[in-house]
Every structure is written in structure tokens, then in C-alpha cells.
Amino acid sequence: MQLRCTYCQTMFAIGREDMLAALEHMEENKLIYYDAHCPKCRRANRVERARMERFFPDWKNAIKTMLKDSAQAETAAEKPAAGTGAVKTAAAPEAAAKPAKKSAPKTKPAAASAKKPAGTKKK
Ligand SMILES: [Zn+2]
């Protein structure tokens with residue numbers, strides 16, 4: 001939708017995605033207007049929610065389809081990654097666990113032996 005900045009009279013447009021985000025934000029926070037920031041002077045122009053809904057009456061369905069698309073995109077991305085990732089991660093935990101186990105016992109006796117002499121010397 002086209003807007004005219006009330007401060008500097010610059011014409012600027014709000015895209016569909018911006019309007020969706022704005023409408024979603026207003027719905028969540030129970031707001032009746034949206035602050036559209038002018039690209040030139042960066043001041044907030046209040047746009048009434050009802051006015052934006054007139055431009056984008058189907059916004060609730062648009063959010064639903066957008067969420068579906070993103071969910072499908074995620075599952076589609078996970079499928080090929082799971083096949084190749086399973087082979088890599090199967091070997092990775094062993095390699096990562098071994099040095100961690102070895103280093104853990106080393107530090108514990110070192111810390112314990114360091115404390116004992118320090119305590120006996122003081123007393
Ligand atoms: Zn402006």
C-alpha cells in the first residue's frame with residue numbers, strides 16, 4: 001500500500017510481507033494502528049489497522065499459508081540432511097567423547113594433588 005509521510009511528504013510503499021508482519025504484530029499486541037517508518041526522515045507514520053486490513057483483507061489466510069510453506073520448506077530441507085548427517089554424526093560422538101574422557105581424569109588428580117600440599121604447608 002502507498003503511504004505519504006506526514007512529516008516530509010515522501011511517498012513510500014509498504015510491501016505485502018511488511019503488512020503481514022504489521023498486522024500480526026497489531027493482532028498480538030491488540031493495537032489499532034501501525035507505525036510505518038518513513039524511508040527518508042525515518043519518522044513513524046501511524047497507519048490505522050482497519051485501513052491496512054482494507055488493503056489486505058486476506059492477511060490471516062496469508063499468514064497461515066506462509067507458515068505452511070515455511071514448515072514444508074523445513075521438512076524438505078531436513079530429509080536429505082538426515083540421510084547424510086546420520087553417517088557423519090554416528091562417528092562424531094565417539095571421536096568427540098574419547099578426548100573428553102581422557103582429559104577429565106587428568107585434570108581431577110592434578111587439582112586434588114595440588115590442593116593437598118597447599119593445605120598441609122599452610123597448616
Ligand atoms: Zn518522512
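Among contacts between residues at least 6 apart in sequence, 53% join residues at least 24 apart, where two residues are in contact if their C-beta atoms, placed from the backbone, lie within 7 Å. The structure is a predicted model, in which local features need pLDDT of at least 70, side-chain atom pairs count only at pLDDT 80 or more, and totals for chains, interfaces and linings use all residues. Residues are numbered from 1 along each chain as its sequence is written.

The protein has three helices and four strands, and their order along the sequence is β-β-α-β-β-α-α. Helices (H or I, at least four residues) and strands (E, at least two) are DSSP runs, numbered from the N terminus. Of the 123 residues in the protein, 6% are buried. A residue is called buried if 20 or more other C-beta atoms lie within 10 Å of its own, exposed if 12 or fewer, and partly exposed in between, with C-beta atoms placed from the backbone.

The largest nonpolar core has seven residues: Ile14, Met19, Ala22, Leu23, Tyr34, Ala36 and Met52. At least two residues of this core come from each of α1 (16-29) and β3 (33-37), and α1 gives the most, with three. A nonpolar core is here a set of buried Ala, Val, Leu, Ile, Met, Phe, Trp, Tyr and Cys residues joined through C-beta atoms within 7 Å. In soluble globular proteins, nonpolar side chains tend to be buried together.

Met52, a core residue, lies in helix α2 (residues 49-55). Met52 is buried because 23 other C-beta atoms lie within 10 Å. Not counting residues up to four places away in sequence, Met52 touches Met1, Met19, Ala22, Leu23, Tyr34 and Val47. Met52 and Ile14 are 38 residues apart along the chain, and their C-alpha atoms are separated by 9.8 Å.

The buried residues of α1 are Met19, Ala22 and Leu23. They cover an arc of only 95 degrees around the axis, so they lie on the same side of α1; the arc is that of the directions from the helix axis to the C-beta atoms. An α-helix has 3.6 residues a turn, so residues three or four places apart point the same way. Glu17, His25, Glu28 and Asn29, on the other side of α1, are exposed. With 14 residues at 1.5 Å a residue, α1 should span 20 Å, which agrees with the 20 Å between its end C-alpha atoms. The expected span is 1.5 Å times one less than the number of residues in the helix.

Strands β3 and β4 (residues 44-48) run antiparallel and are joined by five bridges, where two strands pair if DSSP finds at least two bridges between them. Asp35 stands opposite Arg46 in β4. The two strands, β3 and β4, form a hairpin with six residues between them, and Arg42 in the turn has a positive phi of about 60 degrees. Apart from neighbours within four places in sequence, Ala36 is in contact with Leu3, Ile14, Asn45 and Val47.

Most residues other than glycine have a negative phi. Gln9, in the loop between β1 (2-4) and β2 (11-13), has a positive phi near 65 degrees. Gln9 counts as exposed because it has 10 C-beta neighbours inside 10 Å. Lys30 follows α1 and has a positive phi, near 55 degrees; Lys30 lies in the loop between α1 and β3. Lys30 is exposed, since 7 other C-beta atoms lie within 10 Å.
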